[in-house]
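Me: I am new to this structure and would like to learn how to read it. Could you walk me through a few features?

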Amino acid sequence: MANQGAKKRKEENSRHMKNLLRLIIACNVIYLVVRAGIFHSTFKWKQWVGFMLTFFAYIIPYQQLATMANPAYTDDGELLDGGFDMSTGGICGYLHDVIYITGFVQLASIFSEKFWYIYLVIPAFAAYKLIGLLKGFLPHGSEEGEEDEKTRKKREKMEKRASRPKFAKTRTR
């Protein structure tokens with residue numbers, strides 16, 4: 001029963017990607033039916049541009065996730081790896097967020113054009129993360145301030161303890 005974890009992850013990833021595809025198709029169909037079909041008198045070129053924007057905002061993260069979810073096989077065709085765990089955070093979580101935000105913006109923009117401003121959350125969050133990353137590379141200057149008596153004594157005690165030689169206890173026979 002080797003590779004049970006890989007088989008399970010492969011099935012989970014397959015099911016997850018199918019659900020994401022269903023979400024994307026459902027959002028696009030609902031948008032086109034309601035916005036272009038029912039509210040056709042107000043469906044102008046801006047809405048087509050918005051639809052194409054959301055279409056590509058779905059496709060790019062979905063394809064990246066599909067690449068991450070692909071299982072790896074040996075030359076014999078045996079399952080080697082079940083693919084990336086889709087439930088983890090990091091870039092995988094961010095790609096999911098882009099898909100979910102796109103779905104919300106697309107469906108909410110049926111009722112008001114002002115919901116397109118929610119898309120500004122994505123570059124704002126990216127800028128926030130980038131600033132945090134850049135702050136790690138910048139020099140912090142002198143972070144040592146005035147040290148109180150208690151902290152100084154504790155630090156000196158720890159330094160003294162660390163400088164003592166350590167002997168291993170041995171058994172005598």
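Predicted model: local features only at pLDDT ≥ 70, side-chain atom pairs only at ≥ 80, totals over all residues.

Me: Let us begin with helices. At what angle do the axes of α1 and α3 cross, and how close do they come?

Reply: For a pair of helices, look at the distance and the angle between their axes. Here helix α1 (residues 4–38) and helix α3 (residues 91–108) have axes that come within 9 Å and cross at roughly 20°. Angles under 35 degrees count as roughly parallel, so α1 and α3 are roughly parallel to each other. Their crossing is left-handed.

Me: Which residues of α1 and α3 make the contact?

Reply: On the α1 side you will find His16, Leu20, Leu23, Ile24, Cys27, Asn28, Ile30 and Tyr31. On the α3 side they are His96, Ile99, Tyr100, Gly103, Gln106 and Leu107. Sorted by kind, the residues of this contact are 9 nonpolar, 5 polar and no charged.

Me: And how do α2 and α3 pack, roughly parallel or roughly antiparallel?

Reply: Try the angle again. Helix α2 (residues 45–69) packs with α3 at about 155°, and the axes are 9 Å apart. Angles over 145 degrees count as roughly antiparallel, and therefore α2 and α3 are roughly antiparallel to each other. The crossing of α2 past α3 is left-handed.

Me: What residues meet there?

Reply: From α2 come Phe51, Thr54, Ala57, Tyr58, Pro61, Tyr62, Gln64, Leu65 and Met68. From α3 come Ile91, Cys92, Leu95, His96, Val98, Ile99, Thr102, Gly103 and Gln106. This contact of α2 with α3 divides into 12 nonpolar and 6 polar residues, with no charged ones.

Me: Thr102 is in that list. Is Thr102 buried or exposed?

Reply: For this, read the relative accessible area; under 20% means buried. Thr102, which sits in helix α3, has a value of 0%, so Thr102 is buried. Setting aside neighbours within four places in sequence, Thr102 is in contact with Thr54, Ala57, Tyr58 and Tyr119.

Me: What about Gly37, and how far is Gly37 from Tyr58?

Reply: Gly37 belongs to helix α1. Its relative accessibility is 40%, so Gly37 counts as partly exposed. Gly37 and Tyr58 are 21 residues apart along the chain, and their C-alpha atoms are separated by 22 Å.

Me: Now the rings, please. How many aromatic pairs does the structure hold?

Reply: A pair of aromatic rings is described by how far apart the centres are and by the angle of the planes. The structure holds 7 aromatic pairs. In one of them, Trp116 and Tyr119 are 6.1 Å apart centre to centre, with 35° between the planes, and the pair is tilted. Tyr119 has 13% relative accessibility, so Tyr119 counts as buried.

Me: Why is the pair of Phe125 and Tyr128 called tilted?

Reply: Planes under 30 degrees apart count as stacked, over 60 as edge-to-face and the rest as tilted. The planes of Phe125 and Tyr128 lie at 35°, with the ring centres 6.2 Å apart, so this pair is tilted. Both residues lie in helix α4 (residues 121–137), 3 residues apart, which is about one turn of the helix. Phe125 counts as partly exposed at 37% relative accessibility, while Tyr128 counts as exposed at 59%.

Me: Which residues form an aromatic cluster?

Reply: Look for Tyr31, Trp48 and Phe51, which form one aromatic cluster. You have met two of these names already: Tyr31 in the contact of α1 with α3, and Phe51 in the contact of α2 with α3.

Technical notes
Residues numbered from 1 in each chain as written. Heavy atoms only, no water. Axes fitted to C-alpha atoms, helices over the stretch in contact; angles between N-to-C directions. Helix = DSSP H or I, 4+ residues; strand = E, 2+ residues; numbered from the N terminus. Parallel < 35°, antiparallel > 145°, perpendicular 65-115°, else oblique. Left-handed = near helix turned anticlockwise from the far one by under 90°. Contact = heavy atoms within 4.5 Å. Nonpolar A, V, L, I, M, F, W, Y, C, P; charged D, E, K, R; others polar. Phe/Tyr/Trp six-rings, centres within 6.5 Å; stacked < 30°, edge-to-face > 60°. Buried < 20%, exposed > 50% of the residue type's maximum accessible area, 1.4 Å probe, protein only.
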